[in-house]
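Hi,

Here is the model I promised to pass on. Have a look at it first, and my notes follow below.

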Amino acid sequence: MNHRNLLIVEELKKHFPLKKGLALTKNRECIRAVDGVSLSLKKGETLGLVGESGCGKSTLGRCILRLLEPTSGRIYFENQDILSYRGKQMRTLRRNMQIVFQDPYSSLDPRKTVRQIIGEPFAIHRTLSRNKRREQVKVLMDIVGLRPEHFHRYPHEFSGGQRQRISIARALALNPKLMIADEPVSALDVSIQAQVLNLLVRLQKQFELTYIFISHDLSVVSHISDRVAVMYLGLIVELADSHSLYEHPLHPYSKALISAAPHPDPLREKSGSPLPGDVPSPIHIPPGCRFQPRCRYSKPICTDEEPVMRMIEQDHWVACHFRLKQ
């Protein structure tokens with residue numbers, strides 16, 4: 001096992017069984033939200049996870065944190081199998097793995113002040129006395145750009161960007177090693193998005209954080225990520241460093257995502273065409289390649305065989321039966 005890796009995920013699956021009436025059969029249908037994902041994450045790295053809504057990105061993030069229990073697979077954090085953790089081990093793990101949610105308002109208790117929200121992790125894990133807790137909350141507020149007068153205010157008194165800063169401060173409280181940012185800027189105004197992204201970049205350097213950054217917006221992901229994993233219908237279909245994937249995508253789904261993303265240069269040649277149709281149901285997944293019903297390059301082999309991830313170029317992996325030239 002590579003000791004440089006902070007996190008290793010192997011063949012992770014999360015299926016949600018569907019109940020039809022009172023009948024409970026062994027072969028009942030299920031939603032295959034995550035269906036065999038493998039990835040690794042080095043210390044200090046940012047891995048972007050991108051794809052359309054419903055592809056399983058957020059479910060994968062929650063499984064890694066064990067907010068959801070995986071159906072099968074393995075998760076290693078600092079070379080330890082965390083799926084076997086229980087009780088005190090899970091409590092310790094929670095200090096090292098944190099999440100920042102998409103909607104900062106719904107993830108903050110409206111009945112608590114900023115002091116109580118940011119100080120809550122210290123109270124739960126009993127790491128600081130009450131007086132030291134107050135001082136550390138003030139330090140965290142200053143780090144994320146909140147002013148001292150915000151100390152006794154409630155979430156509804158803040159803008160979306162400020163609320164997300166509160167969420168980030170709470171996630172930082174116990175000095176975690178891994179932070180999962182689940183669409184952290186998608187609910188914010190465009191003018192505020194860059195401020196929050198720059199804050200995350202600064203905090204990563206200051207606290208030696210490792211990120212999984214989840215988003216449907218490839219342009220946002222490419223700005224902050226070292227590597228990018230493109231996810232489609234429960235699987236990763238392409239994985240490469242940010243520059244290579246954005247400038248030279250190999251999977252037709254990645255090409256379409258990048259083509260649809262706005263670009264500051266209007267003369268830049270598009271790398272693909274907009275995607276036809278919608279993501280198929282995760283209950284009834286197409287045979288063979290999951291993308292083939294929407295792919296303009298589809299051939300008979302795409303229906304007959306599911307492609308496996310293979311390295312086409314240096315550290316550039318793709319699950320496609322054909323190497324597609326731009």
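Let me start with Leu203, which touches Ile143, Val144, Ile168, Leu172, Glu208, Leu209 and Tyr211, leaving out residues up to four places away in sequence (contact means heavy atoms within 4.5 Å). Together with Val144 and Ile168, Leu203 touches the most other members of the largest nonpolar core, which has 54 residues. A nonpolar core here is a set of buried Ala, Val, Leu, Ile, Met, Phe, Trp, Tyr and Cys residues joined through side-chain atoms within 4.5 Å; buried means under 20% relative accessible area, exposed over 50%, and partly exposed in between, with a 1.4 Å probe and protein chains only. Apart from that core lies another one of 31 residues, including Leu6, Leu47, Met90 and Ala229.

Before you go further: this is a predicted model, with local features needing pLDDT of at least 70 and side-chain atom pairs counting only at pLDDT 80 or more, while totals for chains, interfaces and linings use all residues. Residues are numbered from 1 along each chain as its sequence is written, and side-chain values use heavy atoms, with hydrogens and water left out.

The largest pocket holds about 620 Å³ of space. It has 26 lining residues, and Ser38, Ile236, Met309, Trp317 and Ala319 are the closest to its centre. For the terms: on a 1 Å grid over the protein atoms alone, a pocket is an open set of points with protein on both sides within 12 Å along at least five of seven lines, a cavity is a set where a 1.4 Å probe fits but cannot get out, and lining residues have an atom within 4 Å of a point. Grid points are joined across faces, edges and corners, and a volume is the space filled by probe spheres set on the points.

Strand β2 (30-42) gives the most to the lining of the largest pocket, seven residues, and β9 (227-232) and β10 (235-241) each supply at least two. By class, this lining has 14 nonpolar, four polar and eight charged residues (Ala, Val, Leu, Ile, Met, Phe, Trp, Tyr, Cys and Pro count as nonpolar, Asp, Glu, Lys and Arg as charged, and the others, Gly among them, as polar). Helices (H or I, at least four residues) and strands (E, at least two) are DSSP runs, numbered from the N terminus.

The second largest pocket has about 370 Å³ of space. Its 14 lining residues have Leu67, Arg94, Met97, Gln98 and Ile99 closest to the centre. Helix α3 (114-125) is among the elements that supply at least two residues of that lining, and α3 gives the most, with four.

Strands β11 (310-313) and β12 (316-318) pair in the antiparallel sense over three bridges, where pairing needs at least two DSSP bridges between the strands. Two residues lie between these strands, and Asp315 takes a positive phi near 55 degrees.

The largest cavity has a volume of about 90 Å³, and of its 13 lining residues Cys289, Cys295, Cys302, Cys320 and His321 are the closest to its centre. That lining divides into nine nonpolar, four polar and no charged residues.

Lastly, Glu11, in strand β1 (5-17), has a positive phi of about 45 degrees without being a glycine. Glu11 counts as partly exposed, at 44% relative accessibility.

Cheers
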